[in-house]
Amino acid sequence: MQNEILSCTHVDQIARSVLDPIAHFVGAESSVYLHFRGAEHDNRLVRYIYQGPRPDAPEAYRNRLYDLDPVVRPSLDRTCHVDSFEETETGILSIHEGIRASRYYQIFLHPFDLGSMVVLTIPIGAPAARDLICLGFHRSLNSRAFAPTERHALAAVAAAARAALGVIYYRDAAIGKASKIAIPGSGMQGPAWHYGRRLGLTEREVEVLHALTTGRTNLNIAHALNISIRTVENHLRSIYSKANVNSRTQILSRILAKD
């Protein structure tokens, strides 16, 4: 399953490659991907992907009901107020008397038949504007509650989920910051060009780095630049060494932070 999660390279694949296999792994009846955009003293839900029988639930949740969520709200608060908050965390919600008496249960959990849930929270982005990605897995009110063993099962795939979703996040953020991304020499200079020049990359290395920010695979880069895939791999090793990083996620994070 780790490989299936890591194969996810685009937001359109999150449901099939991330949510579905993890939901099956932990025995969930529905699942959701939530992306909260960080801002000073606040967060807002900017994207969700839902798999399950109540597709209207996340739209209701989007109406600031996450402010009442006892599992997600603490992580959202830490993204706003703790610069060093970088740890992936898991949480579990069980339905007990205290929860049943809460407004969150009365206006959201009960109407949408949401019972026990396990949640993975992934802080991501620069400390000044850290985003939060949440993966939630749910059972209905009449189903067996999640146990600590299933929370541990979710924690076991947390690193793979963070790696895959991180690549998507940083790539999309880099693309968003460069409304025009072009091969150097074409007259347009995007964030990859500026960052590459600061690193002292060769012209070909900058071209490879630029192609990386558009989400291309090594094979796609090779075809686009008319070079072999082995040459692409060699260029990437050189780029990573000069940037003192070890992965696509890290180099894309640097580009986003430096631009």
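**Working through the model**

Mentor: The protein has 13 helices and five strands. Helices (H or I, at least four residues) and strands (E, at least two) are DSSP runs, numbered from the N terminus.

Trainee: What should I know about the source?
Mentor: This is a predicted model, where local features need pLDDT of at least 70, side-chain atom pairs count only at pLDDT 80 or more, and totals for chains, interfaces and linings use all residues. Residues are numbered from 1 along each chain as its sequence is written, and side-chain values use heavy atoms, with hydrogens and water left out.

Trainee: How much of the protein counts as buried?
Mentor: 47% of its 259 residues. Buried means under 20% relative accessible area, exposed over 50%, partly exposed in between (1.4 Å probe, protein chains only).

Trainee: Switching to strand 5. How many of its residues are buried?
Mentor: Eight of the eight, residues 131–138, so strand 5 is largely enclosed by the rest of the structure.

Trainee: Which residues point which way from strand 5?
Mentor: D131, I133, L135 and F137 point one way. L132, C134, G136 and H138 point the other way. In a regular strand the side chains alternate between the two faces of the sheet.

Trainee: How many bridges join strand 4 to strand 5?
Mentor: Eight, and the two strands run antiparallel. Strand 4 covers residues 117–124. Pairing takes at least two DSSP bridges between two strands.

Trainee: What does S30 touch?
Mentor: Leaving out residues up to four places away in sequence, S30 touches Y50, Q51, G52, P53, L114, G136, F137 and H138. Contact means heavy atoms within 4.5 Å.

Trainee: New topic. How far does helix 12 reach?
Mentor: Helix 12 (residues 229–243) has 15 residues and reaches 21 Å from first C-alpha to last. That is close to the 21 Å expected at 1.5 Å a residue, with the expected span being 1.5 Å times one less than the number of residues.

Trainee: Which residues in helix 12 are buried?
Mentor: V232, H235, L236, I239, Y240 and A243. They cover an arc of only 135° around the axis, which puts them on the same side of helix 12. The arc is taken over directions from the helix axis to the C-beta atoms.

Trainee: What does the face turned away from the buried side carry?
Mentor: The exposed residues R230, R237 and S241.

Trainee: What comes just after helix 12?
Mentor: N244, with a positive phi of about 60°.
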